[in-house]
Amino acid sequence: MEQAIAYYNGKWMPKDECRLPMDDRGFQLGDALYEAERTFGETIFGLDLHMDRLFRSLRHVRIDPGLTREELSQISYEVVKRNEHLRPKGGEFNIRQTITRGRGGSVISNEPATVYVSATPMNFDRFGPLYDKGCHVVFAKTRSYHPDSLDPKVKHQSRMNFVLASLEAHDVDPESYPVLLDLDGNISEGTGFNFWIVTDGVLRTAGDRSILQGVSRTTIIELARELDIPVVEEELQLYDAYNADEAFISGTSPCLLPASKIDNRPIGGDMPGPIVKRLLAAWSERVGVDIVGQARSQSGLSP
């Protein structure tokens with residue numbers, strides 16, 4: 001079997017041979033940041049935005065990656081090139097950059113950062129059928145981090161609350177996508193995606209005080225404005241979600257998925273709904289790929 005190639009601390013090597021030392025602070029303390037993207041053909045979608053966010057986060061937590069933004073971008077494209085032989089026909093890659101503070105007993109240890117970049121063929125199986133059926137959303141009891149404790153604009157590895165939320169949601173509905181509330185009971189974000197509702201033709205989502213500023217979220221706001229769809233960023237409660245005309249999630253791999261159930265309550269009508277359908281069509285046109293058709297085909301369904 002042909003092996004995937006990854007970048008690890010200045011070297012190109014088989015992905016399976018990359019090893020993190022047990023005293024690396026990323027392993028010991030979650031003292032690490034990451035970004036994740038997908039390709040559309042030969043293009044890594046939104047890479048500039050991801051790199052901007054990553055280097056803002058690096059400055060915030062004071063980790064020096066030992067690489068410039070441009071160098072890390074070049075490495076990200078190189079990892080796709082080196083793994084092109086693993087790309088399924090018509091398929092895509094997920095790319096991930098992970099940077100830890102490296103080895104050392106304290107935050108002031110003079111040790112180089114650990115830098116890892118990988119490319120993995122995208123698995124469309126989980127979300128491919130959901131453009132027609134709709135995904136299920138469950139609101140977990142576990143809350144998102146308060147911004148006074150850990151600013152959600154930093155995409156970090158300290159994600160135990162997401163793990164607990166996933167366990168809770170799985171207990172309610174094994175097929176669900178978990179969404180967290182903030183400490184005041186407002187809807188915040190999912191475990192790796194943003195949550196949206198549509199009410200009377202208006203696109204509504206949480207403001208960015210208690211959520212990650214998602215690249216997919218930014219794209220949807222841009223597309224909505226191009227389509228003259230009103231967008232409101234505001235505090236949302238469960239009441240708003242339960243009474244929405246449409247609901248959907250947005251994330252790197254699926255781009256966006258309509259939701260057909262929220263806490264086991266049916267939402268909306270036809271899947272996808274009219275607003276989601278327009279956004280998917282506009283996104284597909286922007287990237288030159290039929291997003292829904294590709295996902296269906298790669299998951300073994302008719303395009």
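How many disulfides does the structure hold? The structure holds zero disulfides (pairs of cysteine sulfur atoms within 2.5 Å). This is a predicted model, in which local features need pLDDT of at least 70 and side-chain atom pairs count only at pLDDT 80 or more, while totals for chains, interfaces and linings use all residues. Residues are numbered from 1 along each chain as its sequence is written, and side-chain values use heavy atoms, leaving out hydrogens and water.

The sulfur of Cys135 lies 14 Å from the closest cysteine sulfur, that of Cys255, which is too far for a bond. Cys135 is buried, at 1% relative accessibility. Buried means under 20% relative accessible area, exposed over 50% and partly exposed in between, with a 1.4 Å probe and protein chains only. Cys18 also counts as buried, at 15%.

Helix α2 comprises 15 residues, 47-61. Helices are DSSP runs of H or I with at least four residues, strands runs of E with at least two, numbered from the N terminus. At 1.5 Å times one less than its number of residues, α2 should span 21 Å, and its end C-alpha atoms are 21 Å apart, in agreement. Arg62 follows α2 with a positive phi, near 60 degrees.

Buried residues of α2 include Leu47, Met51, Leu54 and Leu58. The buried residues of α2 pack against β3, β4, α3, β5 and α6, contact being heavy atoms within 4.5 Å. Against α3, residues including Leu47, Met51 and Phe55 of α2 meet residues including Leu72 and Tyr77. The α2 and α3 axes are 10 Å apart, at an angle of about 130 degrees.

Conventions. Axes fitted to C-alpha atoms, helices over the stretch in contact; angles between N-to-C directions.
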